[in-house]
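Q: Could we go through this structure together? I would like to begin with the pocket.

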Amino acid sequence: MEAGSISANIAKVSREVSTAADRYGRRPGDIRIVAVSKTRPADEVRAAAACGIVDFGENYLQEAIDKIEACSDLKLCWHFIGPLQSNKT
């Protein structure tokens, strides 16, 4: 995916979050967008981070470890999403 597409998608989601927040009396700044980065390469995580995304969700442990290491120079917050596989516990 191109960085321009990532930027456009993030802008669209941010507008939708802002609209929904206004509709329900919430402040958009109080809502965290967690980008699910599973199956996406580290360079796309970096592109999303350059657009202001700091929260990323992964559900495969080994893939998460690889991306966390590849992006260790960035201040990102990683979230484990989905069920933990029994062979990983």
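Q: How do the residues of the lining of the largest pocket divide into nonpolar, polar and charged?
A: This is a predicted model, in which local features need pLDDT of at least 70, side-chain atom pairs count only at pLDDT 80 or more, and totals for chains, interfaces and linings use all residues. Residues are numbered from 1 along each chain as its sequence is written, and side-chain values use heavy atoms, with hydrogens and water left out. The lining comprises 12 nonpolar, two polar and two charged residues. Here Ala, Val, Leu, Ile, Met, Phe, Trp, Tyr, Cys and Pro count as nonpolar, Asp, Glu, Lys and Arg as charged, and the others, Gly among them, as polar.

Q: Which element gives the largest share of that lining?
A: H1 does, with four residues. Helix H1 (3-23), strand S1 (34-36) and helix H2 (42-50) each supply at least two. Helices (H or I, at least four residues) and strands (E, at least two) are DSSP runs, numbered from the N terminus.

Q: Changing topic, in which sense do strands S2 and S3 pair?
A: Strand S2 (residues 55-58) and strand S3 (residues 77-80) pair in the parallel sense, over four bridges; pairing requires at least two DSSP bridges between two strands. Aspartate 55 has cysteine 77 in S3 as its bridge partner.

Q: How many disulfides does a search of the whole structure find?
A: The search finds zero, a disulfide being a pair of cysteine sulfur atoms within 2.5 Å.
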